[in-house]
Amino acid sequence: MNVLILGATGFIGSAIARKLVDDGHQVTGLGRDPSRAAVKMPVFRWIRADLAGMTASGNWRDALEGQDVVVNCAGALQDGLSDDLVATQEDAMLALYEAARDSGLRLVVQVSAETEGAASDLAFLATKRRADAALASSGLPFVILRPALVIGRNAHGGSALLRALAALPFAIPLVHAENSVATVALDDVANTASDAVNGDLPAGSDLALGSGEGLTLKDLVVIHRRWLGLPPAPVIVLPPVLARPVTWLADAAGMLGWRSPLRSTAMTTMSGGIASRPSSDFKPGLSSAAEMLAAAPSGIQDLWFARLYLLKPLIIVALSLFWLISGLVPFFAFGAASIHFAAFLPAPLASAATIATSFADIALGLAVLVRPSAKRALLGMLLLTLAYLLAATLAEPALWLDPLGPLVKVPPSILLTLAALAILDER
């Protein structure tokens, strides 16, 4: 069959796509930026589209043409510069259902979440709940899957944070350490979606996917630490109030386009635990977190990822502060700053060059904080740093011997910028 997968570049969507191709289906993936996924998975047909802009039924006409099944794996944690929850998780889905009724679609498989419970009023769960209800009443054949926390060979979002926490040195600080966390293996989610597409699950099924083991957040972190091959470390249980500053910063980063798993939606959800309601019509035998991890032993790349994950925001902020300060300081010591340009430029041009480079530094320091412009800002930092280094070497080579080392300190900043570029991608 022809299967359209929404969010096919994502953690869950890409796994389901690969499984369906292995089953012999023709898969079309839809994503906001499928360029890298298209290189890694050329067997799929790709459509570049943003669900937030597909809120009218007419937007779906071309995407649905010739398709038999739609599998929706798309979603967002909360509103931010890069995400619009209502548009993506509700309005676009309502438009899809309307368009699907006229397209001859055989089935819609919705990868949703457990939308009831203590955090059910969150926009993340409320939009999913309304979309699920609309699908159930649409008249379309459907299957809804509600996975718990998904654990896979790769990691993204909450599962990436688990690895990062597990890799912390000396001790592991945790809030909500004793709260229960239900998990499900990524392969089990993909296999269940495959069963739905292949007709092995009855239309109208609404299934919770969880392994059923009784784990706490602390248990999960310990399991991941063991998987990474690290020695045991004490877990320090912190009161939730201490996490609020981190949550505020994560929410602020979300408004700049960064998708931190420490945002308020995730923390509020975790405060009530992550449960998986029993599903009487689903076969038992789903893999536990420990079984899934044991079946895919970690490598050194996993340890590097875990150790770098929480360093990434610190590196970005450090570079931003470095460039902002370097751009602002000259305005407080303008004469001393412009004297370097005065060595080879007339005084008016030296002043103009000082002002121009200061504003350039400030612009790069601000731009690197905004996720869509971060890569361009980092590349700009490299180019401008090399230009400064070359100009200073030609104009004042004695600066290399300066006791304060203004030029000697430049190569480390270049390396830090290169490191930021190396770990910038999210998927």
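Student: How many cavities of 30 Å³ or more does a search of the whole structure find?

Tutor: The search finds one. Keep in mind that this is a predicted model. The largest cavity has a volume of about 80 Å³, and 80 Å³ passes the 30 Å³ cut-off used in the search.

Student: What makes it a cavity and not a pocket?

Tutor: A 1.4 Å probe fits at the points of a cavity but cannot get out, whereas a pocket is an open set of points. The largest cavity is lined by 13 residues; Asn 72, Ala 74, Gln 89, Gln 110 and Lys 128 are the ones nearest its centre. Helix H4 (85-100), strand E5 (107-111) and helix H5 (123-136) each give two or more residues to that lining. By class, the lining has five nonpolar, six polar and two charged residues.

Student: Why is the pair of Phe 44 and Trp 46 called tilted?

Tutor: Let's take it in two steps. Four aromatic pairs turn up in the whole structure. In this one the ring centres are 5.7 Å apart, and rings pair when their centres lie within 6.5 Å. The planes meet at 50°; under 30 degrees would be stacked and over 60 edge-to-face, so 50° is tilted. Both Phe 44 and Trp 46 are buried.

Student: Why does Phe 331 count as partly exposed?

Tutor: Its relative accessibility is 36%. Buried needs under 20% and exposed over 50%, so 36% is in between. Elsewhere in H13, buried residues include Ile 315, Leu 319, Trp 323 and Pro 330.

Student: How do you know that the span of H13 agrees with what it should be?

Tutor: H13 has 22 residues, and at 1.5 Å a residue these should span 32 Å. The end C-alpha atoms are 32 Å apart, which agrees.

Student: Why does His 176 count as buried?

Tutor: His 176 has 14% relative accessibility, and buried means under 20%, so it qualifies. His 176 sits in the loop between strand E8 (172-174) and strand E9 (183-185). Beyond its neighbours within four places in sequence, His 176 contacts Leu 217, Pro 240, Met 267, Met 270 and Ser 271.

Student: And what makes Gly 13 buried?

Tutor: Its relative accessible area is 1%, which is under 20%, so Gly 13 is buried. Gly 13 lies in helix H1 (residues 11-22). Not counting residues up to four places away in sequence, Gly 13 touches Ile 5, Gly 7, Ala 8 and Cys 73.

Technical notes. Residues numbered from 1 in each chain as written. Predicted model: local features only at pLDDT ≥ 70, side-chain atom pairs only at ≥ 80, totals over all residues. Heavy atoms only, no water. Phe/Tyr/Trp six-rings, centres within 6.5 Å; stacked < 30°, edge-to-face > 60°. Buried < 20%, exposed > 50% of the residue type's maximum accessible area, 1.4 Å probe, protein only. Helix = DSSP H or I, 4+ residues; strand = E, 2+ residues; numbered from the N terminus. Expected span 1.5 Å × (residues − 1). 1 Å grid on protein atoms, 1.4 Å probe; cavity = no way out; pocket = protein on both sides within 12 Å on 5 of 7 lines; lining within 4 Å. Points joined across faces, edges and corners; volume = space filled by probe spheres on them. Nonpolar A, V, L, I, M, F, W, Y, C, P; charged D, E, K, R; others polar. Contact = heavy atoms within 4.5 Å.
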